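Please read the points below with the sequence and the structure open side by side.

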Amino acid sequence: MNLPFVVALIGLAVSAWFAVQSVRELKRNKPGHLRNAAVIHLGMVGMLVPFCLIVMAFYWPN
C-alpha cells in the first residue's frame with residue numbers, strides 16, 4: 001500500500017474514535033464544555049471522513 005492510502009485509513013480510525021466518544025458525551029446530555037467540544041468534534045468528523053474516502057478512492061492500491 002502507498003502512504004496516502006495508509007494515512008487516510010488512519011484518519012478514518014481517528015474519526016471513528018472521536019465520533020464514538022462524542023456520541024457518548026452527547027448521550028450524557030450535560031451542558032458545558034465537554035458537550036460543546038463533542039458537537040465540534042462531530043462537525044470535524046463530518047468533514048474529515050469524506051476527505052479520507054476521496055483520498056482512499058484516488059490512491060486505491062492495484
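Predicted model: local features only at pLDDT ≥ 70, side-chain atom pairs only at ≥ 80, totals over all residues.

1. In helix α2, the buried residues are Ala37, Ala38, Val45, Cys52, Val55 and Met56. Here buried means under 20% relative accessible area, exposed means over 50%, and partly exposed lies in between, computed with a 1.4 Å probe and with protein chains only. Helices are DSSP runs of H or I with at least four residues, strands are runs of E with at least two, and both are numbered from the N terminus. The buried residues of α2 pack against α1.

2. Residues are numbered from 1 along each chain as its sequence is written, and side-chain values use heavy atoms, with hydrogens and water left out.

3. The protein chain contains two helices and zero strands. Helix α1 covers residues 3-28, which is 26 residues, and its first and last C-alpha atoms are 38 Å apart, close to the 38 Å expected at 1.5 Å a residue. The expected span is 1.5 Å times one less than the number of residues in the helix. Helix α2 also has 26 residues, and it reaches 38 Å from its first C-alpha to its last, again close to the expected 38 Å. After α1 comes Asn29, whose phi is positive, near 55 degrees.

4. The buried residues of α1 are Phe5, Ala8, Gly11, Ser15, Ser22 and Glu25. Their cover includes α2, residues 33-58. As background, an α-helix has 3.6 residues a turn, so residues three or four places apart point the same way.

5. Which residues form the largest nonpolar core? It has five: Phe5, Ala8, Cys52, Val55 and Met56. The elements that give two or more residues to this core are α1 and α2, and the largest share, three residues, comes from α2. A nonpolar core is a set of buried Ala, Val, Leu, Ile, Met, Phe, Trp, Tyr and Cys residues joined through side-chain atoms within 4.5 Å.

6. Leaving aside neighbours within four places in sequence, Phe5 is in contact (heavy atoms within 4.5 Å) with Met56, Tyr59, Trp60 and Pro61.

7. The structure holds two aromatic pairs. The ring centres of Phe5 and Trp60 are 5.6 Å apart and the planes stand at 85 degrees, so this pair is edge-to-face. It links distant parts of the chain, with Phe5 in helix α1 and Trp60 in the segment after α2, 55 residues apart. In the other pair, the rings of Phe58 and Tyr59 have centres 5.0 Å apart and planes at 85 degrees, so it is edge-to-face. Rings of Phe, Tyr and Trp (its six-membered ring) pair if their centres lie within 6.5 Å; planes under 30 degrees apart count as stacked, over 60 as edge-to-face and the rest as tilted.

8. Are Trp60 and Phe58 buried or exposed? Trp60 is exposed, with a relative accessible area of 55%. Phe58 counts as exposed because its relative accessibility is 65%. Tyr59 is partly exposed, at 32%.

9. Ser22 lies in helix α1 and is buried, since its relative accessible area is 4%. Not counting residues up to four places away in sequence, Ser22 touches Ala38, His41 and Leu42. Ile40 lies in helix α2 and counts as exposed because its relative accessibility is 54%. Between Ile40 and Ser22 the C-alpha to C-alpha distance is 8.9 Å, with 18 residues separating them in sequence.

10. Finally, the chain as a whole. A compact globule of 62 residues would have a radius of gyration near 11 Å, but the protein chain has 14 Å. The radius is taken over C-alpha atoms, and the globule rule is 2.2 Å times the number of residues to the power 0.38. The C-alpha trace spans about 50 × 15 × 15 Å along its principal axes. Buried residues make up 19% of the 62 residues.
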